[in-house]
Amino acid sequence: DNDDNDDSAKRLKRWCIKNLSPAQLQRLFQMPRAEVIEQLKNRYGIHSAFATVLSSVVEQVANFEVTKLEPDGRGEVELGFE
């Protein structure tokens with residue numbers, strides 16, 4: 001299992017499957033959005049830059065019905081993550 005050859009989205013997906021149950025993942029996306037970054041930093045050791053990106057994506061998904069914003073990633077990895 002060589003993470004060096006995988007993109008970030010694949011590593012994140014693998015990490016979620018390995019470390020979080022479906023119920024934990026569901027709770028993560030149901031908690032107040034302001035708490036998501038704190039949980040990722042304090043509980044899982046995910047650095048704040050990535051947590052900020054994840055928080056932005058969660059916010060974008062949560063408000064899609066209102067904003068109708070399309071994915072705005074700058075590259076294949078960001079678009080794939082969104």
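Q: Ala49 first: buried, partly exposed or exposed?
A: Ala49 is partly exposed, with a relative accessible area of 49%, where buried means under 20% relative accessible area, exposed means over 50%, and partly exposed lies in between, for a 1.4 Å probe and with protein chains only. Ala49 lies in helix H4, and helices here are DSSP runs of H or I with at least four residues, strands being E runs of at least two, numbered from the N terminus.

Q: What kind of model is this, and how is it numbered?
A: This is a predicted model, in which local features need pLDDT of at least 70 and side-chain atom pairs count only at pLDDT 80 or more, while totals for chains, interfaces and linings use all residues. Residues are numbered from 1 along each chain as its sequence is written, and side-chain values use heavy atoms, with hydrogens and water left out.

Q: What pLDDT does the protein average?
A: The average is 76, and 90% of the residues score at least 70, pLDDT being the predictor's confidence in each residue, from 0 to 100.

Q: Which residues make up the largest nonpolar core?
A: That core has 9 residues in all, namely Leu28, Met31, Val36, Ile37, Leu40, Ile46, Ala51, Leu54 and Val58. A nonpolar core is a set of buried Ala, Val, Leu, Ile, Met, Phe, Trp, Tyr and Cys residues joined through side-chain atoms within 4.5 Å.

Q: And which elements give two or more residues to this core?
A: Those elements are helix H3 (33-44) and helix H4 (48-62). As background, nonpolar side chains in soluble globular proteins tend to be buried together.

Q: OK, H3 then: which of its residues are buried?
A: The buried residues of H3 are Val36, Ile37 and Leu40. Seen down the helix axis, these buried residues fall within an arc of 90 degrees, so they line one face of H3, the arc being that of the directions from the helix axis to the C-beta atoms.

Q: What covers them, and what is on the face turned away?
A: The cover includes helix H2 (22-30) and H4, while the face of H3 turned away from its buried side carries the exposed residues Ala34, Asn42 and Arg43.

Q: What span should H3 have, and what comes after it?
A: At 1.5 Å a residue, the 12 residues of H3 should span 16 Å, and the end C-alpha atoms are 16 Å apart, which agrees; the expected span is 1.5 Å times one less than the number of residues. H3 is followed by Gly45, whose phi is positive, near 70 degrees.

Q: Zooming out, how many helices and strands does the protein have?
A: The protein has 6 helices and 0 strands, and its C-alpha atoms fill a box of roughly 40 × 30 × 25 Å, taken along the principal axes. Of the 82 residues, 20% are buried.

Q: What share of contacts join residues at least 24 apart?
A: Among contacts between residues at least 6 apart in sequence, 38% join residues at least 24 apart, where contact means heavy atoms within 4.5 Å.
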